[in-house]
Amino acid sequence: MTALQAISPIDGRYFQKTKQLSAFFSEEALIRYRVKVEIEYFIALCELPLPQLKDVASETFPKLRKIYQDFSSEDAVAVKEIEKVTNHDVKAVEYFIKDKFDALGLEKSKEFIHFGLTSQDINNTAIPLSIKDALEKVYFPELEKLVKKLSELSEEWKEIPMLARTHGQPASPTRLGKEVAVFVERIRAQNDLLKEIPAAAKFGGATGNFNAHKVAYPSIDWKKFGTSYVEDTLELHHSFPTTQIEHYDHMAALFDGLKRINTIILDLDKDIWSYVSMDYFKQKIKKGEVGSSAMPHKVNPIDFENSEGNLGIANALFEHLAAKLPVSRLQRDLTDSTVLRAVGVPFGHTLIGFASTLKGLGKLLLNKEKLNADLENNWAVVAEAIQTILRREGYANPYEALKGLTRTNEAINKKSISDFIDQLEVSEEVKKELKGITPQNYTGI
């Protein structure tokens, strides 16, 4: 299969933007993480030690870890060949590792691979591990690139006055840099919350009670062992008690958090798109590119539109995962396993969205003349400032006086504002103060 034949644009058109995720969410990656969980579990049993494993030398452990550290595409193919016979993906991993144990001379110990476990003890540790690694190695760095760019633009444009719009209508002026800073703060705040959500895992046997472990070795504190293995070895949070599966509440919170960050960026995309349509920004022109098959003049804000579309798809999937995963029939059904195979898809669309927004921001050319022209054409926005100072001075009915001046379909300009100030019964000092207010400097803090 080539990129031209891929059904999903993640593996086709946008593969260059999403290929980093293959190491965490592909079928090969899932198998590798399962192998890691099985190997580390066997080592933990040796370190207990279980009586039957006390003779497994610690010098063997690095060789065992090499099984997952050096896991190759050929190994993944071998596992899939076994699965053709077993028709069970986790059992195929167990048999694959048993073959490796034979090669290492550990034939007598190989029945302790997957000892007392159910497949969900492997899946519900492997998948949180893969998500945790993907967040740390791909997601957070990519998000930080976008935040860094926004921070730079916020600083670059911090002194640029701009007409604000509420309900789409001219409102008290703001500064362009501040408007960008709003998105920086929103993203950072939600990112901080995201990092506080535990990467949780279930580990407790077929129905969560360590039944098989306890019946074989009743004197061992298996709950203590399970928590130590999950939290100290795998560095995940141990969910206990559980049913056969992880309850996914923390994972649902994570997906909701990822969705919320996407929503903030989607909001940014819409605002920048609007600023482009208002001619506040021009866009850099790349030789050879076209913006329309019919209209040669077009330079469209396609990157922000691309981002908006991809973030929307990502959010639809994150929303489904967050709503579906915490719900299961009794001990479990198969739907959690089915949808978790798609967990990399919303991450993929999210990365595409990030990259598109970042690309779009890099094309923006500030059109100061248009920004200033809009301010000059909307002198009515200083009415708020004038009536507020008149309130300070004890002037009678200042709001109503300004309403009478400005709530009209006639143009309000610098002269009409100045003429209005001249007829006010206030001191010359206050009139001078009022005339010093312009749409360009009435921008607050």
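At what angle do the axes of H3 and helix H10 cross, and within what distance do they come? I find that the axes of H3 and H10 (residues 222-233) cross at roughly 130° and come within 11 Å. H3 is therefore oblique to H10 (under 35 degrees is roughly parallel, over 145 roughly antiparallel, 65 to 115 roughly perpendicular, the rest oblique). The crossing of H3 past H10 is right-handed.

I noted the basis: this is a predicted model, where local features need pLDDT of at least 70, side-chain atom pairs count only at pLDDT 80 or more, and totals for chains, interfaces and linings use all residues. Residues are numbered from 1 along each chain as its sequence is written, and side-chain values use heavy atoms, with hydrogens and water left out.

I then listed the contact (heavy atoms within 4.5 Å). H3 contributes Val37, Glu40, Tyr41, Ala44 and Leu45, and H10 contributes Trp222, Phe225, Tyr229 and Thr233. By class, I have 7 nonpolar, 1 polar and 1 charged residues between H3 and H10.

Next I looked up H4. H3 (residues 27-47) packs with helix H4 (residues 61-69) at about 165°, the axes being 8 Å apart. H3 is therefore roughly antiparallel to H4. H3 passes H4 in a right-handed crossing.

On the H3 side I recorded Arg32, Val35, Lys36, Ile39, Glu40, Phe42, Ile43, Cys46 and Glu47; on the H4 side, Phe61, Leu64, Arg65, Ile67 and Tyr68. The class count for H3 with H4 is 9 nonpolar, no polar and 5 charged residues.

How values were computed
Axes fitted to C-alpha atoms, helices over the stretch in contact; angles between N-to-C directions. Helix = DSSP H or I, 4+ residues; strand = E, 2+ residues; numbered from the N terminus. Left-handed = near helix turned anticlockwise from the far one by under 90°. Nonpolar A, V, L, I, M, F, W, Y, C, P; charged D, E, K, R; others polar.
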